[in-house]
Amino acid sequence: TVFRSREFNRVGRILLLIGVALLPDLVWATSFGRPRHQSLIMVLMALGLTAEYERWNLALTPKRAWAVFAGIVWGLACWTSLFEPALVVTLLIAYNLIVRRKESPAFLITFGVVMLVALLVEGVHFYIPPPEYLPYLANWLGTVEETQSVNFGILTQEMTLVLLAMPFLAWGLLKREGDRRTDWFLVLLTAVLTVITAFQLRWTAYACLGEIILVARYCQVEVKRWSRIVIIVIFLIGLIQAEYARLTFIAKSPANQPSQQLEQLSHAMDTP
């Protein structure tokens, strides 16, 4: 569905498809690895970023249909989770109000309606664990890889060349002629998500989504063919490097074999 955007040409569409299909962190964030709400969030965020290109034309006049669509998509994303999507949509609205000096009323109204429906359907769920549970929760969170900060030794091995090329990609997008404000938002959003990833690994997939769209946008607007070829080669080498690092990590990981007691307990729990 991301291909619907007229901002991406054939090269951009191919790179998006390759990146989503092969980049390990994005594959893990889809239904192949996380068949829960994370995979739905990734789809909705991809739709939302696509709609952001569509709902602003060159004269910066919002397209009402796309503004309504964007409001529905971001509302559903925040309905799914008030964590990652809420941060992105907050940055999006703040950016448009500060840089464009306006935000589409159709977008705000539609987004508000979806959130109101979510509130009426889901209700308010606010839970503060008792103080005596906090040490146990802290110990449990310490065992969850996605909540940990980046191990920079591992990051050096798994870092794709795309990440190193991000400043060059940003410069290529921002120096071009015409309206660049949506590209500015994508550059800043990807930078913010990359920084947050250094503190919590669960943001890696969202930062990778921004990086892939940056590459696709660069290859769409850059007029110099040699520059596009260099970026594509770097992108493909980065994919191979990431795949190799991930497969090496999996090969070195110990097998997850539950104990006999846990297996017996699970069977007992399934018995009516």
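Buried means under 20% relative accessible area, exposed over 50%, and partly exposed in between (1.4 Å probe, protein chains only). This is a predicted model: local features need pLDDT of at least 70, side-chain atom pairs count only at pLDDT 80 or more, and totals for chains, interfaces and linings use all residues. Residues are numbered from 1 along each chain as its sequence is written, and side-chain values use heavy atoms, with hydrogens and water left out. Helices (H or I, at least four residues) are DSSP runs, numbered from the N terminus.

**Aromatic pairs**

- Rings of Phe, Tyr and Trp (its six-membered ring) pair if their centres lie within 6.5 Å; planes under 30 degrees apart count as stacked, over 60 as edge-to-face and the rest as tilted.
- The structure holds five aromatic pairs. One of them joins Trp-66 and Phe-69 edge-to-face, at 5.3 Å centre to centre and 85° between the planes.
- Both residues, Trp-66 and Phe-69, sit in helix α4, three residues apart, about one turn of the helix.
- Phe-69 has 31% relative accessibility, so Phe-69 counts as partly exposed. Trp-66 is buried, with a relative accessible area of 17%.
- Trp-203 and Tyr-206 also form an edge-to-face pair, with 6.0 Å centre to centre and 65° between the planes. Both Trp-203 and Tyr-206 are buried.

**Around Phe-83**

- Phe-83 is in the loop between α4 (64-80) and α5 (84-100).
- Its relative accessibility is 36%, so Phe-83 counts as partly exposed.
- Ring pairs link Phe-83, Trp-203 and Tyr-206 into a cluster.
- Beyond neighbours within four places in sequence, Phe-83 is in contact (heavy atoms within 4.5 Å) with Gln-200, Arg-202 and Trp-203.

**Salt bridges**

- A salt bridge is a side-chain nitrogen of Lys or Arg within 4 Å of a carboxyl oxygen of Asp or Glu. By this rule there are five salt bridges.
- Arg-202 and Glu-84 form one of them, their closest N and O atoms being 2.8 Å apart. Arg-202 lies in the loop between α11 (181-197) and α12 (204-221) and Glu-84 in helix α5, so the pair ties together parts that are 118 residues apart in sequence.
- Arg-202 is partly exposed, at 23% relative accessible area. Glu-84 is at 1% relative accessibility and counts as buried.
- A network of salt bridges links Glu-52, Arg-55, Arg-100 and Glu-103.

Terms used: Helix = DSSP H or I, 4+ residues; strand = E, 2+ residues; numbered from the N terminus.
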